[in-house]
Amino acid sequence: MEPDNSAIRDGHAVNKWLARHFCINRSDRAANFREWGRIEKRLTLLLVTVFSLFAASLSCAKSIWDFQEPVTPVARDSIAASVDFLRIIMGIYVVVFAVFAYSIFKHRKSSGAQPGTFTKPGTRWQWALAISPFLLLIYIDYIWMGVPAFHAIAQMEDTRAAAEMVVKVTASQWKWQYEYPEENIRFVSTIATTQGQIHNREAKGEHYLQEVDNPLILPTNKKVRILLTSTDVIHSWWVPSFGVKRDAVPGYLREMWVNIEKPGTYRGQCAQLCGDGHAFMPIVVEAVAEPQFKEWLARKKAEGSAAEAAAGKVWSREELMAKGNEIYNGVCIACHQAGGKGVPGAFPALAGSKIVNGPLLDKNGLLIKDGHLDRVMNGKPGTAMQAFKNTLSDVEIAAIVTYERNSFGNRMGDMVQPSQVKALR
Amino acid sequence: MTQAITAVAHDQHEHPPAGIMRWLTTTNHKDLGILYMSFGAIMFFIGGVLIMAVRAELLFPGLQLLSPGMYNQLFTLHALIMVFGAIMPFATGLNNYLIPLMIGAPDMALPRVNNWGFWILPFAALLLLIPFFLQFSGIGSGASGLGWVMHNTSLDLQGGIGVDFAIFAIHLLGLSSISGAINVVVTVLNMRAPGMALMKMPLFVWAWLITAFMLILAMPVFSAAATMLLTDRHFGTHFFDAANGGDPILLQHLIWFFGHPEVYIVLLPVWGLIPHILATFSRKPVYGYRAQVYALWAICFLSFIVWSHHMLTSGLPLAAEVYFMYSTMAISIPTSVLVFCWLGAIWRGAMTFETPMLFALGFVAHFGMGALTGLILPDVAVNAQYHNSYVIVSHFHYTFFGGGIFGMLAALYYWLPKFTGRMFDEKLGRLHFWLTVISFNMTFIPQWFAGLDGMPRHIADYALRFSTMNFISSVGAFLLGLSQLLLVYIVFKCVRSGPKATGQVWEGAQGLEFTLPSPPPYHTFETPPAVK
């Protein structure tokens, strides 16, 4: 198609060239500017506001507009890639829409523009202009960002090489169990924010919804391989400062790694919709220097042997009830609710429950199928009631069963000893 | 003799039955088009009301209005209703009304299938909504709360009868979509006026033809996945149940094998209609026709080979992660062909800025943001930070609302005078546009930053660091909801008392539909027009 030559006027060579190849007529720009309408002014204003908001946000690195502070190599890489990529796309957006805006202001009927009739690029220059964005895009996609992206994935997926320790994370509705297989330590981590704060009866604390009873303790400057699985539905373990997020899939092991470079407390939460308690499944990681980590391991192990010893002794009812109350409020309350009321249609009530008020053991001292102790130890397959023998100690199971049988209006009067639980495992 | 018969038949059909029977029994493509579009509009407002409740809950941290279970139901219903109840039926309504007019056909090829396809929809919508209302009378545990892609469905852990109702609704919606899609393919391939070669068809028809093929390929996968889920839940199969050797991730693969094409099923009709509007108000022919047709086919193809970029944190093997990253990036190339052609469409035109043109340009600006943010997401290492955070929520609303809904509104304003024979109030239309633009950005820009800061999606309550962004976003959402009410008034006023529209409607409008009076007679092109 022949380019529209009407725009060529006497004047600067650049003007001629622009007019010839891109139908841009610079000589009557002033006239056009005078004819801007009300709407167009508002349009400009809006576009400028949006652009400057975005631009401002991108230029203030390390502000609230950014990712949380990166403390692992993977997190540092991904924040750098993200900021680079955001700058590139904002650049593309500004350039492309500057051309749009130019056309919108310039090529309007009210300023006497005559419509062109071209339907494709006409000159060699126009073809070059039409092709160049795609070459640039291919370069951005597969070289500029594509090559570093490949290296970042390779780094992120390299979970095994030179891993110095392993932590296993097991997700359940709505808590995390952390396990240090080499040290034989495991514990459950649940939300510590009170129901009062969630339901606006108490003032909200600083770390509202991002605080737990037992944080995961990790050493700094050590490559930690994290194995993930789940006992019920899919969950996702995400701490923004670590730059990693990976799904915990029931029946499968997934893995990732972190190497925390700076001591501190890092907070995150479950990132995969996993039911009613999805918003209340926080993750808190405390990264400490190696000596403190060793100390903590030793203390935790001592607690473990104390628990082992405790399982052997005979507990009084008061001791079991006190311990049971504590465990109930940490482990069971999310589903069975305060006062054992449950959630109608979703989680059964414990108050007045047939199972809780049923017999404890059969006459041979063995578990009764679907009895109270069986349900707590082995769970109910296909429901959120998991097999707690995998996560709780003998003392804890004995305490919780005793507590449930003698609280919420249940008056069974009997109790379970940790030694019994140990024998029934 | 032949002429006499034609005349008699013509007479009988010229007067459809009066009152409600006309709408129940109609097989006329224009009536069905109106029905589809009205249904889409009603569902748009129902889906909107649901999300207003969600945003009200998120106005402040803490649980104020909703229980978490109710919250999950509301956003799940919002998504299902907006995608399957509002956007897709509205696009189907447009194709029903416009395709026969654009290609010079007397009606759709399969009018009874057309009627059936529509009347399935209200029942599917009822199935979706019934369990939601039943819970208030103590029956069942409410509607599905699994999110629209149902990622997490290990047996009965989540969702009671609501999930089963949703599965049956999906079956019905699938039937409706597939029958509508077959109708489009048959009509377009067989009933074009003499002289209208495939490469002369308006781009909207091309886009819908491609969409129809995508629907026929993708919808059955969704229905099959839903059926497998149903048998898992009730008949002891273990496709997705890890405890019995199934694979929960398989469900995600199946759903996203449908779900990613679905994104383009929503967007392709809009990409088809935007060039019409830009060309009309620039008073120029469509720019880069061939390039756009090829780009649409390329996107159709690519959409079927990139699905796992929705599951990059699920633990795919390294090779798969690399493949899905690079293949997803390839989509940016045909997409930018389209953007380039839209620019070509207005370049050196003689533009005026009536409401449809404003919405079309608004579509380009917002869809541009959705598309460009989509360019970053497949970067696997960075995706770990974006995935399932509010960044994603912001991104896909820029494509679905900023792209889909803006495009549909542009189409509605563009063809409304053709449908009703009356003009709408231009001033109110512009006001509607500006209110929508401002409140839309106010809603979704803060969500982007909340996501960058680490806020996961699907949460009923959030940590205090996300408070400011959520407050702004909620206020924006309320404004966005309110300003859509203006649309109802504009359409109502247009139908009741708008000034008469000419057949041409817009000065620069091209195409066979603008050679007819407004509104077009009940039957059109009984003798095919000659197309040069």
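Helix H14, residues 390-420 of chain B, packs against H15(B) with the axes 8 Å apart and an angle of about 165°. At that angle, over the 145 degrees used as the limit, H14(B) is roughly antiparallel to H15(B). The crossing of these two helices is left-handed. This is a predicted model, so keep that in mind throughout.

On the H14(B) side, the contact includes B:Tyr390, B:His397, B:Tyr398, B:Phe401 and B:Tyr413. From H15(B), the residues include B:Phe440, B:Phe444, B:Trp448 and B:Leu452. By class, the contact of H14(B) with H15(B) counts twelve nonpolar and six polar residues, with no charged ones.

Now to the interface between the chains. Chain A puts 94 residues into the contact, and chain B puts in 87. Several helices of chain B each supply at least two residues to the side that touches chain A, among them H4 (68-103), H10 (318-330) and H15 (426-452). The largest share of that side, nine residues, comes from H12(B). The side of chain B that touches chain A divides into 49 nonpolar, 29 polar and nine charged residues.

Helix H6 of chain A, residues 146-157, and H10(B) have axes that come within 10 Å and cross at roughly 155°. H6(A) and H10(B) are therefore roughly antiparallel to each other. H6(A) passes H10(B) in a right-handed crossing. H6(A) contributes A:Gly146, A:Ala149, A:Phe150, A:Ile153 and A:Glu157, while H10(B) contributes residues including B:Leu318, B:Glu321 and B:Met325. In this contact of H6(A) with H10(B), eight residues are nonpolar, one is polar and two are charged.

Notes: Residues numbered from 1 in each chain as written. Chains lettered and ligands numbered in written order. Predicted model: local features only at pLDDT ≥ 70, side-chain atom pairs only at ≥ 80, totals over all residues. Contact = placed C-beta atoms within 7 Å. Helix = DSSP H or I, 4+ residues; strand = E, 2+ residues; numbered from the N terminus. Nonpolar A, V, L, I, M, F, W, Y, C, P; charged D, E, K, R; others polar. Axes fitted to C-alpha atoms, helices over the stretch in contact; angles between N-to-C directions. Parallel < 35°, antiparallel > 145°, perpendicular 65-115°, else oblique. Left-handed = near helix turned anticlockwise from the far one by under 90°.
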